[in-house]
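Thanks, everyone. I will go through some helix packing and some strand pairing, and then stop for comments. Please have the viewer open.

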Amino acid sequence: MTQLDTDLALLADTVLQPGFVGTAAPDWVRRRLGRGLGGVALYSRNIADRAQVAALTAQLRAENPDVVIAVDEEAGDVTRLDAGTGSDRPGNLALGAVDDAALTEAVARDIGADLAAVGVTLNYAPTVDVNSRPENVVIGVRSFGADPALVARHSAAWVRGLQSAGVAACAKHFPGHGDTVEDSHYDAARVGSSRAELAAVALPPFAAAIRAGVRAVMTGHLVVSAYDAELPATLSPALLTGLLREELGFDGLIVTDGIEMAAVAKQWGVGGAAVRALAAGADAICVGGEYKNEGIVGLLRNSIVTAVREGVLAEQRLADAAARVRELAAWQRVASAATVPRTPEVGLRAARRAVRVTGPGLPLAAPPHVVELDTPTGIAVDQAMPWGVAGPLGARWAATTAERVTADAAPSWLDAALTAATGRPLVVVGRDVRQHPWAVSARAALLAARPDAVVVELGMPEPTPVGATYLVTHGGTRACAAAAAEVLTGQH
């Protein structure tokens with residue numbers, strides 16, 4: 001290998017942020033870090049508890065003290081640190097419902113303190129997408145709301161809070177995933193807004209995050225026809241260089257959403273998509289949600305080196321990208337000197353303020369029977385994460401009974417549920433029920449027989465209340481469920 005190849009390989013390794021399997025660093029990760037791998041991304045599969053994560057990050061830094069250690073910790077329904085238990089904080093929609101920027105900043109500071117304590121450098125959060133299309137299946141409760149001004153002020157507050165604890169924030173998904181119906185994990189999502197509409201709705205939160213000093217922005221695999229009718233934003237010079245760098249003035253790290261996602265990898269391949277992203281203006285390549293082995297790192301590095309040698313990717317562009325990765329590492333070395341204590345009570349306090357109740361009937365007069373409609377979540381949410389209000393209700397009232405109903409439940413489930421609820425309150429719980437016709441029908445059948453039932457929505461609320469008593473938490477986290485249980489029982 002020539003010196004040029006060696007130099008290019010080092011630059012290519014610097015811009016990669018791969019995932020891996022295991023709660024300790026595999027040999028290949030340690031070896032790659034020693035050779036200059038610039039970053040890694042942690043997922044819930046890498047996390048058992050706080051002490052283990054701290055040991056893992058120390059192990060990674062022993063090989064490369066400047067490694068960027070990233071995690072996707074939105075701390076709402078999308079959590080990695082608390083995927084096994086559910087987060088003790090509410091997510092963005094709940095914070096937007098409260099609309100107290102100081103509270104949002106405090107929650108984000110607590111997240112930052114938590115991450116800093118275990119050695120994380122970069123958080124792939126906050127989600128600053130404006131939820132302008134209610135039927136959006138990928139954003140939902142991850143957004144602060146549908147009002148651009150509200151989303152902008154809470155995005156800035158979240159960035160300030162997180163970064164005050166020495167962890168870099170990453171605003172996503174540029175230039176805005178809220179006005180889509182497709183999930184970019186599976187195909188490129190399309191945004192049909194005009195430039196004027198984008199400037200009025202989708203872009204203000206990114207501009208606010210930039211003004212607040214956000215250190216990173218994550219690209220969305222979104223075809224935004226007003227700027228580029230063919231290439232997703234991740235691969236589009238018009239969006240990354242023209243709009244984000246030149247028009248919005250962002251000079252920090254641009255990191256891609258997972259480069260293995262079908263929205264970009266299906267057409268261009270993982271290596272081809274990475275090369276195009278770097279050429280378009282991205283600085284770091286996130287990979288490892290689905291591909292998580294040494295082979296993918298070698299493929300990406302070789303693709304990048306080959307692209308430079310063949311003139312497809314300018315060497316200076318790659319060098320600039322690597323320099324921004326190193327700049328983030330340098331910022332974190334200084335920022336991490338600030339020790340911020342955790343304030344774990346702030347999460348439940350915020351969740352309590354986000355609960356909304358319409359109608360009479362609360363608190364309940366007796367332990368209820370709870371029917372939880374088990375609707376699936378988006379791929380960004382860890383599927384193993386526990387959810388529901390039956391658990392926290394049962395902790396307060398031991399006589400509480402509960403059942404889960406799925407889309408393929410036998411028809412006899414309805415009679416059995418109504419029988420179990422005879423002579424006692426009935427609580428019907430769901431997450432994003434209106435997105436699932438079977439769950440809408442199941443809830444309607446329960447309400448037809450028991451119009452006095454209390455409906456609890458742990459996801460996106462309906463435009464109008466459902467049932468005589470409708471309780472909305474604006475999220476399905478452990479904190480949100482605990483806050484709902486307090487209201488249902490009257491026990492705080």
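A crossing counts as right-handed if the near helix is turned clockwise from the far one by less than a right angle, and as left-handed if anticlockwise. By that convention, helix 5 and helix 6 cross in the right-handed sense. Before going further, note that this is a predicted model.

Two packed helices are described by the angle between their axes and the distance between the axes. For helix 5, residues 101–117, and helix 6, residues 148–164, the axes come within 7 Å and the crossing is at roughly 35°. On the helix 5 side, the contact is made by A101, T104, E105, A108, R109, I111, G112 and L115. Helix 6 contributes H154, A157, W158, R160, G161, L162 and S164. By class, the residues of this contact between helix 5 and helix 6 are 7 nonpolar, 5 polar and 3 charged.

The next pair is helix 13, residues 345–354, with helix 17, residues 478–489. At what angle do helix 13 and helix 17 pack? The angle is about 55°, and the axes are 8 Å apart. Angles under 35 degrees count as roughly parallel and those from 65 to 115 as roughly perpendicular, with the rest between them oblique. Helix 13 and helix 17 are therefore oblique to each other. Their crossing is right-handed. G347, L348, A351 and R352 of helix 13 meet A479, C480, A482, A483 and E486 of helix 17. The residues of the contact between helix 13 and helix 17 comprise 6 nonpolar, 1 polar and 2 charged.

Now the strands. Strands of a sheet pair through backbone hydrogen bonds, either parallel or antiparallel.

V71 has N123 as its bridge partner in strand 4.

Strand 7 covers residues 216–219. In a regular strand the side chains alternate between the two faces of the sheet. In strand 7, A216 and M218 are on one side and V217 and T219 on the other. Are these four residues of strand 7 buried or exposed? All are buried, and both faces of the strand are covered. As for its partners, strand 5, residues 170–174, pairs with strand 7 in the parallel sense over 3 bridges, with F174 opposite T219. Strand 7 is also joined by 3 bridges to strand 9, residues 253–255, again running parallel. Here M218 stands opposite V255.

Last, strand 16, residues 469–472. T469 and L471 point one way from it, Y470 and V472 point the other way, and all are buried. Strand 11, residues 356–358, pairs with strand 16 in the antiparallel sense over 3 bridges, and V357 stands opposite L471. Strand 15, residues 454–457, pairs with strand 16 in the parallel sense over 4 bridges. In that pairing, E457 stands opposite V472.

Terms used: Residues are numbered from 1 along each chain as its sequence is written. This is a predicted model: local features need pLDDT of at least 70, side-chain atom pairs count only at pLDDT 80 or more; totals for chains, interfaces and linings use all residues. Side-chain values use heavy atoms; hydrogens and water are left out. Axes are lines fitted to C-alpha atoms, for helices over the stretch in contact, and angles run from 0 to 180 degrees between N-to-C directions. Helices (H or I, at least four residues) and strands (E, at least two) are DSSP runs, numbered from the N terminus. Angles under 35 degrees count as roughly parallel, over 145 as roughly antiparallel, 65 to 115 as roughly perpendicular and the rest as oblique. Contact means heavy atoms within 4.5 Å. Ala, Val, Leu, Ile, Met, Phe, Trp, Tyr, Cys and Pro count as nonpolar, Asp, Glu, Lys and Arg as charged, and the others, Gly among them, as polar. Buried means under 20% relative accessible area, exposed over 50%, partly exposed in between (1.4 Å probe, protein chains only). Two strands pair if DSSP finds at least two bridges between them.
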